[in-house]
Amino acid sequence: MKKPFTSLFMAIALLVSVGCTTENGDGNESSHVANQQVSLSFYQVTMQSLENSQAKTRADESSTSTALKNSPFTYLDISLIPTNGTGKTIVFRQVKAEMADDFGHVSMRVPVGEYDMVAVASKNADVKINSVTEVVFPNKVTDMAAVCQKIMVKEGNNAFNCNMKRSVAKFTIENKGATTDVVKNMKFRISGNCSNKWNPTTGLAADVSVVTPTIEMSNTYSRFNAYVFLSSAEEENIKVDVEMLDSEGSLLKSLSFENVHLKTNYVTKYTTGDLFGVSNSADFTFSDAEFMDSGTGKNF
């Protein structure tokens, strides 16, 4: 008489167990309900330089915004990092060539919560957003603009306008003399308070490291541009070394610039009439100005 009672008790216990599992679910349904629509619109902010103005009004000194699709950037990388330290980081990439008209407008479904949003628009297909304190351009620093801000995703539709600004300094060598087909590579070595890593929280370099980009040459290039992140908004003691190499990698000519003055969102340009001449020196003139995208040259 004891065996049937024991079996009946086990059967009831099993039914209760199954019933509890069904009621609780596997968590996927509640997670799906928590996902909300998030729309992000990115704009490039252009700051007007005070140095180049004559008589400015207050309106002149304010920044202006343009749609990111009209910018020179070709990639938009976004990371939404949960501020509470738990949960999954949401990563998204947009490529201008695939959606030129909508470049800079992003729509996604995101769980409710607070996030640190880091977004980087650039010309680099390999940019890596590691955290709110480190973005790495592993192969080369390119022209870029970025934004870092907190966003709160609530129930319902969420829309955010995100203004981006440039966080790089640009160094340019311009040749006004004859071109050459002998030089195949221009190798830069930029050292001092600069880096190829950027800190979104501070808007400055994430560390101090030597930046060594290389340009593959064409004899039609007259302007050669390199970009770095600076340890402060303005650095006056950057060193730039340039090597000109032939197709075998042999050194043809080298140049060195001491105490180069670089400023975030500005271009520092050295101009010469005989960049590829026989001499290992050249007569350069110097200028700095607001960031410009006009003119022919090799950007990297």
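Analyst: The account below begins with the core, moves to the sheets, and ends with some single residues.

This is a predicted model, in which local features need pLDDT of at least 70, side-chain atom pairs count only at pLDDT 80 or more, and totals for chains, interfaces and linings use all residues. Residues are numbered from 1 along each chain as its sequence is written, and side-chain values use heavy atoms, with hydrogens and water left out.

A nonpolar core is a set of buried Ala, Val, Leu, Ile, Met, Phe, Trp, Tyr and Cys residues joined through side-chain atoms within 4.5 Å. Buried means under 20% relative accessible area, exposed means over 50%, and partly exposed lies in between (1.4 Å probe, protein chains only). The largest nonpolar core has 27 residues, and the members that touch the most others are Phe171, Met186, Phe188, Ile190, Phe224, Val240 and Phe257. At least two residues of this core come from each of the strands β11 (169–175), β12 (185–191), β17 (223–230), β18 (234–245) and β19 (251–263). Strands (E, at least two residues) and helices (H or I, at least four) are DSSP runs, numbered from the N terminus.

Contact means heavy atoms within 4.5 Å. When neighbours within four places in sequence are left aside, Val240 is in contact with Phe171, Phe188, Arg189, Ile190, Leu255, Ser256, Phe257 and Val260. Apart from this core lies another, of 24 residues, among them Leu68, Val110, Tyr115 and Cys162.

The sheet comes next. Two strands pair if DSSP finds at least two bridges between them. An open sheet of four strands has the order β16-β12-β18-β19, with antiparallel pairing. Its edge strands are β16 (214–216) and β19, each of which pairs on one side only. On average, neighbouring strands of this sheet are turned by 20 degrees against each other, direction ignored; for such angles, axes are lines fitted to C-alpha atoms, for helices over the stretch in contact, and the angles run from 0 to 180 degrees between N-to-C directions. Between β12 and β16 the antiparallel pairing has three bridges, and Asn185 stands opposite Glu216 in β16.

Most residues other than glycine have a negative phi. Asn259, in strand β19, has a positive phi, near 50 degrees. Asn259 counts as exposed because its relative accessibility is 53%. Asn265 lies in the loop between β19 and β20 (266–272), and its phi is also positive, near 75 degrees. At 21% relative accessibility, Asn265 counts as partly exposed.

Four strands form it in the order β7-β8-β14-β15, and the pairing is antiparallel. β7 (128–131) and β15 (204–205) stand at the edges with a single partner strand each, so one side of each has no neighbour in the sheet. Strands β8 (residues 134–136) and β14 (residues 197–199) pair over two bridges, and Val135 has Trp198 in β14 as its bridge partner.

Lastly, Ser195 is in strand β13 (residues 194–195) and counts as buried because its relative accessibility is 0%. Its side chain reaches the backbone nitrogen of Lys197 at 2.9 Å. Leaving aside neighbours within four places in sequence, Ser195 is in contact with Val141, Ala205, Asp207, Ser209, Val211, Val228 and Phe229.

Definitions and conventions: Polar contact = N/O pair within 3.5 Å; in protein donor to acceptor, adjacent residues only side chain to side chain.
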